[in-house]
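Please open the structure in your viewer and keep the selection tool at hand.

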Amino acid sequence: MSGRPEASVISDFVTDAAGRIDFELTRMDRKTLSIHIGDEGQVIVRAPRFVTREQIAAMVLKKADWIREKSGAAKAAAKMKIIHRFAQGEPFYYLGKAYPLHVQYDANVRRVCVFLNTDSLTIQTPVVDMETMKAAVLLWYRENAAKLVCRRAMHYGGLLGEQPARILIREQKSRWGSCNSRRELRLNWKLIMAPLKILDYVVIHELCHLKEMNHSPRFWAHVARLCPDYKQCRKWLRDYGAMLTFEVK
């Protein structure tokens, strides 16, 4: 045993003219005080053991506007999230359209198959098991994302006069895409759930970094040439990006 005291966690709150801010306070062995916003909008404060309650309250009040803004945004995003339970009829998004799920049990098939019809997403499965279906749908999403992203990147890269050295499909928690100095593009597979113009915008955005590795006016001019409504696409991602999730419970 290390002999170090365990972190203590309590619930606390402060009030100002705008109302009350509840937060979870964790005192632990650290040198600085930090404030975080959880996925559900909860306020989490981590503080050194020697900091007084008054100092903590003062810091929370100082950051009150930021806390309310970020907490409100996180709560709104949490409400948008679709939690999949693989029940008949629940929606699965593909290129901006919600397809109701149809689970087709067939003991004679050898493996789980996923395919898209005009009016539903169908899972044909020899066993009704959530983890098995989750893995199959996730693979289906990622494979379709890889194919479509590569096609759109080739198309817009030709118009731009730049082609990436490599395209990687990833699951990034807080980024839709990135481009590095090795001319590698990394795109979030969850973009396959968004309307095509949103996926195109992110592809174009990252391709334009092959021209300008910054966000200068020249960079945005390249983006605007290939995606004239890029501002609306950026707003869509801010407003509705939280819907592009794949959570299973």
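By class, the 41 residues that line the largest pocket divide into 18 nonpolar, 11 polar and 12 charged. Please bear in mind throughout that the model is predicted.

**First stop: the largest pocket**

Select K173, S174, W176, G241 and A242, which are the lining residues closest to the centre of the largest pocket. The volume of this pocket is about 1300 Å³. Next, colour α2 (64-80), β11 (177-179), α4 (196-208) and α6 (230-240), for each of these elements supplies at least two residues of the lining. Which element provides the largest share of the lining of the largest pocket? That element is α2, with 8 residues.

**Second stop: the second largest pocket**

Select its lining: R111, V112, C113, V114, T132, A135, A136, L139, W140 and E143. Two or more residues of this lining come from each of β8 (113-116) and α3 (130-160). The greatest contribution is that of α3, which gives 6 residues. How do the lining residues of the second largest pocket divide by class? There are 7 nonpolar, 1 polar and 2 charged residues.

Select I82, H84, F92, Y93, Y141, M193, M243 and T245, which together line the largest cavity. This cavity has a volume of about 30 Å³. Its lining comprises 6 nonpolar and 2 polar residues, with no charged residue among them.

Select D12 in strand β1 (residues 8-16). Is D12 buried or exposed? Its relative accessibility is 12%, so D12 counts as buried, since buried means under 20% relative accessible area. Display the side chains of D12 and R53, which make a polar contact at 2.8 Å. Leaving aside residues up to four places away in sequence, D12 touches I21, D22, F23 and R53.

Select strand β3 (residues 34-37) together with strand β4 (residues 43-48). These two strands run antiparallel and are joined by 4 bridges. Then proceed to the 5 residues between the strands of the hairpin, where G41 takes a positive phi near 90 degrees.

Select F86, located in the loop between β5 (83-84) and β6 (91-94). Phi of F86 is near 60 degrees, a positive value in a residue other than glycine. F86 is buried because its relative accessible area is 6%, and the cut-off for buried is under 20%.

Finally, select L95, whose place is in the loop between β6 and β7 (97-105). L95 is likewise a residue other than glycine with a positive phi, here near 50 degrees.

Technical notes. Residues numbered from 1 in each chain as written. Predicted model: local features only at pLDDT ≥ 70, side-chain atom pairs only at ≥ 80, totals over all residues. Heavy atoms only, no water. 1 Å grid on protein atoms, 1.4 Å probe; cavity = no way out; pocket = protein on both sides within 12 Å on 5 of 7 lines; lining within 4 Å. Points joined across faces, edges and corners; volume = space filled by probe spheres on them. Nonpolar A, V, L, I, M, F, W, Y, C, P; charged D, E, K, R; others polar. Buried < 20%, exposed > 50% of the residue type's maximum accessible area, 1.4 Å probe, protein only. Polar contact = N/O pair within 3.5 Å; in protein donor to acceptor, adjacent residues only side chain to side chain. Contact = heavy atoms within 4.5 Å. Pairing = 2+ DSSP bridges.
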